[in-house]
Amino acid sequence: MDTKQLLIKILLRKAKGYSFREKTDEFIVVDGEKKLVKSKVVTKRIQPDVNAVKALLTLADGETDVTKMTDEQLQVEKLRLIRLLNELETEPQQGATTDDE
């Protein structure tokens, strides 16, 4: 995968929004040894990012000037890209692996 494809993949994820898990462990020291007291796993959600959509538009079509688009136009384009991304994710891809969110 070249740099541009990797960048596009990262921007698509950020434009769509994603979830991740964060694990926190709490330890105490007893007799010189660390002992686990509490372990907590929290799922956090990163919201879709309009700036990532702007970057995707620039990469996808160098002639698109997103700086001249209104917020409403950007929102419509973001939704279009998210729909396109969802369609691409549902298509079976040969030899490709998917990352779980």
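These are my notebook entries on a predicted model.

**Overall layout**

I began with the chain as a whole. I count three helices and two strands. Read along the sequence, their order is α-β-β-α-α. The chain has 101 residues, and buried ones make up 17% of them.

**The hairpin**

Next I turned to the strands. Strand 1 covers 18–30 and strand 2 covers 33–46. How many bridges join strand 1 to strand 2? I find 13, and the two strands run antiparallel. I looked up two partners across the pairing. Lys23 has Val41 as its bridge partner in strand 2. Phe27 stands opposite Leu36, also in strand 2.

**The turn at Asp31**

The hairpin has two residues between its strands. Asp31 is found in this loop between strand 1 and strand 2. I checked the backbone there. Phi of Asp31 is near 55°, a positive value, and the residue is not glycine. Is Asp31 buried or exposed? Its relative accessibility is 77%, and the cut-off for exposed is over 50%, so Asp31 counts as exposed.

**Thr24**

Which residues does Thr24 contact, leaving aside its neighbours within four places in sequence? I find Lys38, Ser39 and Lys40. I also looked up the pair Thr24 and Val42, which are 18 residues apart along the chain. Their C-alpha atoms are separated by 8.3 Å.

**Aromatic rings**

I searched for ring pairs. The count comes to one aromatic pair. This pair is Tyr18 with Phe20, with ring centres 6.5 Å apart.

**Charges over rings**

I looked for charged ends over rings and noted two cases. The charged end of Arg13 sits over the ring of Tyr18, 4.1 Å from the ring centre. Phe27 is the residue I had already placed opposite Leu36.

**Helix 1 against helix 3**

Last, I went to the helices. Helix 1 takes in residues 3–16, and helix 3 takes in residues 71–90. At what angle do helix 1 and helix 3 pack? The angle is about 115°, and the axes are 10 Å apart. The crossing of helix 1 past helix 3 is left-handed. I listed the residues that meet there. Helix 1 brings Leu12, Ala15 and Lys16. Helix 3 brings Ile82, Leu85, Asn86 and Glu89.

Note on methods:
Residues are numbered from 1 along each chain as its sequence is written. This is a predicted model: local features need pLDDT of at least 70, side-chain atom pairs count only at pLDDT 80 or more; totals for chains, interfaces and linings use all residues. Side-chain values use heavy atoms; hydrogens and water are left out. Helices (H or I, at least four residues) and strands (E, at least two) are DSSP runs, numbered from the N terminus. Buried means under 20% relative accessible area, exposed over 50%, partly exposed in between (1.4 Å probe, protein chains only). Two strands pair if DSSP finds at least two bridges between them. Rings of Phe, Tyr and Trp (its six-membered ring) pair if their centres lie within 6.5 Å; planes under 30 degrees apart count as stacked, over 60 as edge-to-face and the rest as tilted. A charge sits over a ring if NZ of Lys or CZ of Arg is within 6 Å of the ring centre and within 35 degrees of the ring normal. Axes are lines fitted to C-alpha atoms, for helices over the stretch in contact, and angles run from 0 to 180 degrees between N-to-C directions. A crossing is left-handed if the near helix is turned anticlockwise from the far one by less than a right angle, and right-handed if clockwise. Contact means heavy atoms within 4.5 Å.
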